[in-house]
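Biologist: I would like to learn how to read a protein model, feature by feature. Could we look at one together?

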Amino acid sequence: MRTTLSLRRAALVFTAVGALALTGCGDGGGAKKSGGGTDKGTDSAPTVTLPKLDGENISVAAVWTGPEQANFTKVLGEFEKRTGAKVSFVPAQDPIVNFLGTKIAGGEPPDVAMIPQVGAIQQAVAKKWAKPVGEEAKAQLTKNYAKVWQDLGAVDGTQYGVYFKAANKSLVWYNAAAFDNAGASEPKTWKDFITTAETISASGVTPVSVAGADGWTLTDWFENVYLSQAGPEKYDQLAKHEIPWTDPSVKDALTTLAELFGKPELIAGGADGALQTEFPASVTQTFTGGDQPKGAMVFEGDFVSINIAQTEAKIGTDAKVFPFPAVGADSPVVTGGDAAVALKDSKGAQALLTWLASADAAKIWAEAGGFISPNKNLDPAAYPNDVQRTMAEALVAAGDDVRFDMSDQAPQSFGGTPGKGQWKILQDFLKNPKDIAGAQQKLESEAAKAYKS
């Protein structure tokens, strides 16, 4: 990681987010869309010039499904209107590098891929799949993005990625009615978080919904605990594998996680149930069932809002949010993102990168909800509610002091492959949180192999 995040400053900002959620917020006043946002339209003056591409076919691969795919399709639809090109969405699977490898081997690579890991971008460059970003897209990046977001999409000084979608991955969302019935309040520290969970459990509601079927959520649990407890320097060192996973700081973080994972009565369905719960269900089961949900809290990023929109719950009243509790001195803030990378040297692929780097493209998904953009020239008024708007403003205000998801910086075989590496080992740890030393040894063994390759 090239930069570090001021944890104290970020904690203060996101405490303000939690306060906004407590006071309630509207949905922006517009008509509801299926994606949970408001229909504000896209008829303002264009901020980006795009070429005419009549008759050109462009394909875009991404792992997004459901509402995320639908909202991204709206972004692509506006690009079609402005250029005359025809854009097709290619559903991809994780790990996306493997998916792209199959497409490329078959002679059918997509023009552009939305890549969710820094390590995967580096792999695409190493395999000579990725094409450098053109001058028009670079101009949009220079105009609209802090240097850190440009650097995250660069390899050895050459720009390859355009970060279109970002995330704050250090939030805990909760069912307000379940909290009220239990007499619980928002915890600020990890110790208070466990106490709050036990208070909610005593009221007859299981406190925490964990998406254990998706290993990436478990890496986010670990990273937030580790960043707050071990601090920025250690975080950077572990992200680069400059210290081993057998380091005492990793033991400390796993020990802390075990305070939750080791109490199955605090987790919806226990460990076995969690390991069968995918991320969307972990959210919807928290915000259905009124004041008797399957889980009262769910940890994950701002994008949780798009899944909340699939329920009857309203953000700011029924669904509220607080910063991930501080394990050390301050609450952590971990961010992630998806970058557009061209896999073909074509006018259409470069035009699409230019479009995705523009504030116009970001505005479309921002209005639809479930999205945060690192684009500093996107008008915050585009976001559908005050909670999401404040989270987005905080991300942009952080400028170059952003810290990226650790597993997304790792080689994909270690940090981003279902059923393997960190994802699988942390799933095993969720099932048996007593075996901390064993988990460390497995993490180090897999990391050593991945970073060498």
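Biologist: At roughly what angle do the axes of helix 2 and helix 16 cross?

Modeller: An axis here is a line fitted to C-alpha atoms, for helices over the stretch in contact, and angles run from 0 to 180 degrees between N-to-C directions. Helices (H or I, at least four residues) and strands (E, at least two) are DSSP runs, numbered from the N terminus. For helix 2 (residues 66-83) and helix 16 (residues 359-368), the axes cross at roughly 145° and come within 9 Å. The crossing is right-handed, a term used if the near helix is turned clockwise from the far one by less than a right angle, with anticlockwise being left-handed.

Biologist: Which residues make this contact?

Modeller: Contact means heavy atoms within 4.5 Å. Helix 2 contributes residues including Phe72, Val75 and Arg82, while Ile364 and Trp365 are among those from helix 16.

Biologist: What should I know about the source of these values?

Modeller: This is a predicted model, in which local features need pLDDT of at least 70 and side-chain atom pairs count only at pLDDT 80 or more, whereas totals for chains, interfaces and linings use all residues. Residues are numbered from 1 along each chain as its sequence is written, and side-chain values use heavy atoms, with hydrogens and water left out.

Biologist: How do helix 9 and helix 11 cross?

Modeller: The axes of helix 9 (residues 215-230) and helix 11 (residues 248-261) come within 9 Å, crossing at roughly 120°. Helix 9 is therefore oblique to helix 11, since angles under 35 degrees count as roughly parallel, over 145 as roughly antiparallel, 65 to 115 as roughly perpendicular, and the rest as oblique. Among the residues in contact are Trp221 and Phe222 of helix 9, with Leu257 and Phe261 of helix 11.

Biologist: What share of the protein chain is buried?

Modeller: Buried means under 20% relative accessible area, exposed over 50%, and partly exposed in between (1.4 Å probe, protein chains only). Of the 453 residues, 61% count as buried. In soluble globular proteins, nonpolar side chains tend to be buried together. A nonpolar core is a set of buried Ala, Val, Leu, Ile, Met, Phe, Trp, Tyr and Cys residues joined through side-chain atoms within 4.5 Å. The largest such core has 91 residues, and Phe72 is one of those with the most contacts inside it. Apart from that core lies another of 53 residues, including Leu257 and Phe414.

Biologist: Where is His241 placed?

Modeller: His241 is in the loop between helix 10 (232-239) and helix 11. His241 and Glu444 are 203 residues apart in sequence, yet 9.1 Å apart in space, C-alpha to C-alpha. Leaving aside neighbours within four places in sequence, His241 is in contact with Glu444, Ala447, Ala448 and Tyr451.
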